[in-house]
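Dear colleague,

I am passing on the structure we spoke about, with the sequence alongside, and below it you will find what turned up when I went through it. Please read the notes with the model open beside you.

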Amino acid sequence: MAIRSRERSLASLFADHGTGIFLSVVFIAPIVWAVLSTFKPPMEARQPPLPPWPTTGFSVQNYVTLDTFGDGLWHAAQNSIYVAVMSVLLTVLISVFAGYGFSRFHFPFKNAFFLMILATIMIPFQSILTPIFLILTTFKLQNTLTGLVLVYVTLQLPFSIFMMRNAFDAVPKEIEEAARIDGAKSVALLARIMLPLVWPGVVTVAIFAFLNSWNEFLAALVLMTDQSKFTLPIMMTAVQSGRFGAVDWGAVQAGVTVMMIPCLVLFLLLQRFYIRGLTAGAVK
Amino acid sequence: MSTLSAKAAGTQAANSKAASTDPAATTPAIRGTRHRRVDRSQWVGYLYIAPAIALVIVFFVVPLGMTAWMSLHNWPLMGTHSFIGLDNYIAITKDVRFWRALNFTFYYTVIVTIAIFAVAFPLALFVERPRPMVGAYRTAFFMPVVVGFASASLLWAWLLNVDAGLFSPAAYQLGLTDKKVNLLATFNPAFWSIIVMVVWKVAGFTMVILMTGLQSIPGELMEAAKIDGANAWQRFRSITLPLMRRTLALALILSVAGSILAFDQFYIILRGGPRNSTLTAVYWIFNQSFVSFKLGYGAALSMVLLVILVVLSLVQLRLLRNPEGM
């Protein structure tokens, strides 16, 4: 009897983890398939990826080829890095200040302003792209990466400010008051005393800002019409659409790999903070 | 007034070293001036929120007003624009291709949302119970979520390609089809390919949302039901589902709102084809505004989409606010 129940629990254990491993493979397979296939020599990369790994020798030619389209992969990657890093820095800076302001000060129309920022979540940015384009033109920011950064930061603000205000709300007022009595000025107090206490919130805000600006497609497609300003998704879509001649699938997957790896690495390293941000909305 | 003032004074006393050393602090007159000073010191708050407010106004509130304004104009990219009243909106009512796009968008939204839930709910149940390895599975299921929609679309455009891709050649080599079938050439295979790709990309996201809902259900409740003899299905129906109402509503709304705004995958993988049968609402607005450069008409179309989304958001707020309602 005991043996049979142990057998049964062993069987269910196998079924459980068998399912888990099978499903994990299904979800990861397309990513692995793409990454492996980029190391095939160009001739082989034109064939169906069966098997996915290189069979006629290892090669990085696909990455080299990609750098010859238009202004090249490296140029688009630089644009993407600039846009993503600037978006992260500005989003963090602006949302930390705003979160602190909304959490710690009492001034007229505070709630109205807070609601205004949150309400922008309801409006799809897809529907206001044309005026955004015209406004950027007015400020002479059309076709500039800076213009794109400002748009991305604005799109991140509702979520980020919400996160940061909650983070500051969770810090006991006494800590701040003690520091104030010791003579710390507002901004110094924010930077030295408060920032370390809300650090997890900052990391969460930064991850979302990075992933969203790194991956964003439609706004970049509409606002960046000059090829030298293409970010990676726009550049790779141009390659895939045959804009630079016959579609080179090996090169396209090389570009996809370059786009995916930073996201995956960042997620695997900082998963805790990412999930925290995701569930913050769900729990509220 | 007096309580307000006292409260403000209290804050002041706690905040400022000067207050505690000021011997005149107790006289009413000085307390009055101090009250005003308190308020003014609080106004520093405006400086902290100013950059955020400026950005939101310049890149959100003003464009919103401009969209409404432009929708009442004939507004080409070059040249002058002219006021035409509601003509754009009247044109929309006759724009068969827009209604077809909207129709397709709703069709896609319904199908993809059902598909996402059908996959994400079992996944959530699977990863919810704490046990060895479950963290690794969760991470694996979630990985496609952090890959951007554009990257995922480019990846699947390749996998779905008839010559250099994976699915058609694999099916052919395994003898499942007698020639390589172009999955993207006709509506149904193309549409369902997109559904599979989106489910692969998004299911992990919905899974995590649903998982937080499942984890918030008290374990004792399940135990009590088990002791009372409720079977797994009864427990699911009478405990899990009702207690997850808010979470389900949230996951549902996120999925619906995201799907109505779908663009990337249809643009990158299908270019709206075959024969314009997979043009979504956003795609049509994109075509009108940035391919045909009918900015005024595009703005009017945007307003229609915007109203749909705002109504949806308001319904969402209702669903989330009062759990007893409906």
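Leaving aside its neighbours within four places in sequence, A52(B) is in contact with a set of residues from chain A, namely I94(A), S95(A), A98(A), I117(A), L157(A) and I161(A). Please keep in mind throughout that this is a predicted model.

Chain B itself contains 16 helices and 2 strands, and of its 326 residues 37% are buried. If one takes the contacts within chain B between residues at least 6 apart in sequence, 65% of them join residues at least 24 apart. The UniProt record, an unreviewed entry, places the feature "domain: ABC transmembrane type-1" at residues 102-316 of chain B; in the model this stretch is 76% helix and 0% strand, and its end C-alpha atoms lie 21 Å apart.

For chain A, the domain assignment gives domain 1 as residues 2-62 and domain 2 as residues 65-283. The centres of these two domains, taken over C-alpha atoms, are separated by 33 Å, and 11 residues of domain 1 of chain A are in contact with 10 residues of domain 2 of chain A. On the domain 1 side, the elements that give two or more residues are α1 (2-37), α2 (42-45) and α3 (61-66) of chain A, with α1(A) providing the largest share, 4 residues. The residues on that side of domain 1 divide into 5 nonpolar, 4 polar and 2 charged.

The UniProt record for chain A, again an unreviewed entry, annotates "transmembrane region" at residues 21-39, 81-100, 112-136, 148-168, 189-211 and 251-270. I looked at two of these spans in the model. Residues 189-211 of chain A are 96% helix and 0% strand, with end C-alpha atoms 30 Å apart, while residues 251-270 of chain A are 100% helix and 0% strand, with end C-alpha atoms 29 Å apart.

Most residues other than glycine have a negative phi, and most peptide bonds are trans. Against that background, the bond joining L50(A) and P51(A) is cis, with omega about -10°, and P51(A) is found in the loop between α2 and α3 of chain A. In chain B, the peptide bond from G273(B) to P274(B) is cis as well, with omega near -5°, and P274(B) is found in the loop between α14 (264-270) and α15 (281-291) of chain B. The loop between α14 and α15 of chain B also contains R271(B), which has a positive phi of about 50° although it is not a glycine. R271(B) has 14 other C-beta atoms within 10 Å and is therefore partly exposed. In chain A, K140(A) is likewise not a glycine and has a positive phi of about 60°; K140(A) is found in the loop between α6 (129-138) and α7 of chain A. With 9 other C-beta atoms within 10 Å, K140(A) is exposed.

With best wishes

Notes:
Residues are numbered from 1 along each chain as its sequence is written. Chains are lettered from A and ligands numbered from 1 in the order in which they are written. This is a predicted model: local features need pLDDT of at least 70, side-chain atom pairs count only at pLDDT 80 or more; totals for chains, interfaces and linings use all residues. Two residues are in contact if their C-beta atoms, placed from the backbone, lie within 7 Å. Domain bounds come from an automatic or database domain assignment. Ala, Val, Leu, Ile, Met, Phe, Trp, Tyr, Cys and Pro count as nonpolar, Asp, Glu, Lys and Arg as charged, and the others, Gly among them, as polar. UniProt positions are given in the numbering used here, feature names are shortened, and annotations may be inferred rather than shown by experiment. A residue is buried if 20 or more other C-beta atoms lie within 10 Å of its own, exposed if 12 or fewer, and partly exposed in between; C-beta atoms are placed from the backbone.
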